[in-house]
Amino acid sequence: MTITPRDITADPVLEVRAVAGHRGLDRPIRWAHVTELHDPVRWLRGGELVLTAGMGFGTTPDQRRAYLHRLHRAGCVALAVAVDTRNHGAPPEILAEGDRLGLPVLQVEGDTPFIAVVETVAEHHAAERTREQDRVLAAQDAMARAALRTGPSGVLTELAAATHGHTLLLDRNGMTTAAVPRTEPPWHARVRASALDRARRPRGMTVLADGEASILLQSLGTTGRALGWLALRSPTPVSPHTRMLANDAASLLAVDLLHSRQTRRIRHHERAPLLRAALTGAPGPRPDLLTLPDPPWEVVYLPSAEPETLADRAADALVDVLGDTDAAHRAGLCTVGGAVAAVLPRTPRPRHGERLWSALRDPSNGPHGAGACGARGPADLPSALDRARQAATEGYRHVDDTGAWELLRSAVPPEGAHAFEQAVLGALRDHDARHGTELVHTLRHYLDQGAQVEATARELGVHRNTLRARLRVAERVLGRGLAEARTRLELWTALNLEPMPCHDGTWHT
């Protein structure tokens, strides 16, 4: 609420009358200032009610008009002129120019001193500051009560009502958590783009222009990645009290988010023994008491040097991946040895496990790889965990996306693969080394071509009789015929356990 020249003239304690410039009587007065200078502009800031006895008006009509022009250009709200026995009021040039400019000219009459007018303006602003502080305190109390009763949506409602603005709460991924009003106006997209701009992501409070309105954007949380963002769109210039209320609301929302995060972590810690028993098949609490999302599931294995820390981070990230949904609350999460295991709802690509791994990736403390496997029900969980563990190397790997042969390769330990390869191919490699032949390489092409002599000869660039001769030598060295299915199976397996260089510079894989 402001005080205007019209309010000054209407005050029954003051004898002040408007004599010119009536169309400007409703401008707000920032302060009242007494001066008798001919040019007081350098001591003015705009919004003043200037009180004078007229000593600085000048003696000519042009000087008087120029005096009023200077006040008008300086942003003065009105001119008040004392009327006494020596000064009979504002000169006619001042009155005429006031009407032309719409700058009110007031006459201070009777026994009213200038100090009474100054005190009236000062007392109004003091009372207004007190009222504003009371409104802020009332709004703070209302937001605190709303936080306890209805959570973030209540805080946003009270903040919008106290500031006559619109509010928006985004989660850490830029998704709308709550908004007042519940619409999606264009300024929401502006806020979302600013919050998600990694290069210039705001921290603390940022002010965005939106036409004549202003948007306060406040990050939530004090350390690490922001927990979310609060935005307040104010139709008027942002006042210190508006900033104060936005900060208070942000604090309440951050506390709520931190409490929610801690609650999620505690819930996963409490359920971890049940899930661990179900995943490992080890004796422990009854796994049938574990409540998981409806199967089928995706079992994710995330190796880490600090699995307990990673488990807490994963509990936070699950809300980003699954949203604040029942599935996020029921998803399983526990440490297993030097890793974190998660049981998530199975979905088509992009899979939840890959999104979880992406959300947790950190160059300093990983996880650098993640393995995943599907599980149709509780009985499949132990085997799914084992297969997910085997698939966890670099990046995200789901066994369903891996060929059967690649899966066999990853399941055979290196020492086992070497022993098998030596048992099957050792004699052939020794013969090649002693005689400079290419029996092993020839057999790889021969089996790749389905044991077709003509096709293999063309691929190797040799005559078919030359190829037949090599194959007879290979049979003699092996001590068995290549027509036997078992011989071909063992050769194929041994030749494919490790990549093999080809004579053309490429690799057999």
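A: The buried residues of H2 are Tyr67, Leu68, Arg70 and Leu71, where buried means under 20% relative accessible area, exposed over 50% and partly exposed in between, with a 1.4 Å probe and protein chains only. Seen down the axis of H2, these residues fall within an arc of 155 degrees, so they line one face of the helix; the arc is that of the directions from the helix axis to the C-beta atoms. The structure is a predicted model, in which local features need pLDDT of at least 70 and side-chain atom pairs count only at pLDDT 80 or more, while totals for chains, interfaces and linings use all residues. Residues are numbered from 1 along each chain as its sequence is written, and side-chain values use heavy atoms, with hydrogens and water left out.

What covers the buried residues of H2 includes strand S3 (48–52), strand S4 (78–82) and helix H3 (92–101), contact being heavy atoms within 4.5 Å; helices (H or I, at least four residues) and strands (E, at least two) are DSSP runs, numbered from the N terminus. The face turned away from the buried side of H2 carries the exposed residues Asp62 and Arg73.

Arg70, buried at 17% relative accessibility, forms a salt bridge with Asp39, the closest N and O atoms being 3.6 Å apart; a salt bridge is a side-chain nitrogen of Lys or Arg within 4 Å of a carboxyl oxygen of Asp or Glu. Asp39 lies in the loop between strand S2 (31–34) and S3 and Arg70 in helix H2, so the pair ties together parts that are 31 residues apart in sequence.
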